[in-house]
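Please look over the sequence and the structure shown here. The report that follows takes up charged pairs, helix faces, backbone angles and aromatic rings in turn.

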Amino acid sequence: MTDWSKCPAVESVPGKVSGAWVFKGTRLPVSALFGNLEEGATVHDFIEWFGRVDEAKVRAVLEFVVEELDARVARVTHANPV
């Protein structure tokens, strides 16, 4: 599970979108980014459609996820050497 509290581009505020992780300063859930990308949107499409989120925040979220995945792979590889 991703620990979003370590990503500076997002926030979770009780009472704001039911405490969901949202792009900082917005009410747009981070999950909206991944849902749109899954459906074939580009990062630029997403930014155009949801203008309150700038490219720096989107890129920060994507980079955070890549780092999290890399760390998970490293842990698994270290725990189960081939």
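Arg59 is partly exposed, because its relative accessible area of 34% falls between the 20% and 50% cut-offs. In this predicted model, the side chain of Arg59 forms a salt bridge with that of Glu55, at 3.0 Å from N to O. Glu55 is also partly exposed, with 34% relative accessibility.

Both residues belong to helix H3, which covers residues 55-79. Arg59 and Glu55 are four residues apart there, or about one turn of the helix.

## The other salt bridges

The count of salt bridges in the model is three. Another one joins the side chains of Lys16 and Glu11, with an N to O distance of 2.9 Å. Lys16 is buried, because its relative accessible area is 18% and the cut-off is under 20%.

Lys6 and Asp3 also meet through their side chains, at 4.0 Å from N to O. The criterion for a salt bridge is a distance within 4 Å. Lys6 is exposed at 57% relative accessible area, whereas Asp3 is partly exposed at 32%.

Most residues other than glycine have a negative phi. Against that background, Val17 has a positive phi, near 50°. Val17 sits in the loop that runs between strand S1 (10-11) and strand S2 (22-23). The relative accessible area of Val17 is 23%, so this residue counts as partly exposed.

Ser18 is found in the loop between S1 and S2 as well. Phi of Ser18 is also positive, near 55°, and Ser18 is not a glycine. Ser18 is exposed, with a relative accessible area of 79%.

Which residues of helix H1 (residues 30-38) are buried? Val30, Ala32 and Leu33 are. These residues lie on the same side of H1, because they cover an arc of only 155° around the axis. Ser31 and Glu38, on the other side of H1, are exposed.

Gly35 is also located in helix H1. At 29% relative accessibility, Gly35 is partly exposed. The C-alpha atom of Gly35 is separated by 23 Å from that of Val73, and the two residues are 38 apart along the chain. Just after H1 comes Gly40, which has a positive phi of about 105°.

## Aromatic pairs

A pair of aromatic rings is described by the distance of the centres and the angle of the planes. How many aromatic pairs does a search of the whole structure find? It finds four. In one of them, the rings of Trp4 and Phe34 have centres 6.4 Å apart and planes at 45°, so the pair is tilted. This pair links distant parts of the chain, since Trp4 is in the segment before S1 and Phe34 is in helix H1, 30 residues apart. Trp4 is buried, with 14% relative accessibility, while Phe34 is partly exposed at 30%.

The rings of Phe46 and Phe50 make another tilted pair, with centres 4.8 Å apart and planes at 45°. Phe46 is buried at a relative accessible area of 0%, and Phe50 is partly exposed at 28%. Ring pairs also join Trp4, Phe34 and Phe64 into a cluster.

## Confidence in the model

The chain has a mean pLDDT of 92, and 94% of its residues reach 70 or more. Where in the chain is confidence lowest, and where is it highest? The lowest value belongs to H3, with a mean of 88. The highest belongs to S1, at 98.

Conventions
Residues are numbered from 1 along each chain as its sequence is written. This is a predicted model: local features need pLDDT of at least 70, side-chain atom pairs count only at pLDDT 80 or more; totals for chains, interfaces and linings use all residues. Side-chain values use heavy atoms; hydrogens and water are left out. Buried means under 20% relative accessible area, exposed over 50%, partly exposed in between (1.4 Å probe, protein chains only). Helices (H or I, at least four residues) and strands (E, at least two) are DSSP runs, numbered from the N terminus. The arc is that of the directions from the helix axis to the C-beta atoms. Rings of Phe, Tyr and Trp (its six-membered ring) pair if their centres lie within 6.5 Å; planes under 30 degrees apart count as stacked, over 60 as edge-to-face and the rest as tilted. pLDDT is the predictor's confidence in each residue, from 0 to 100.
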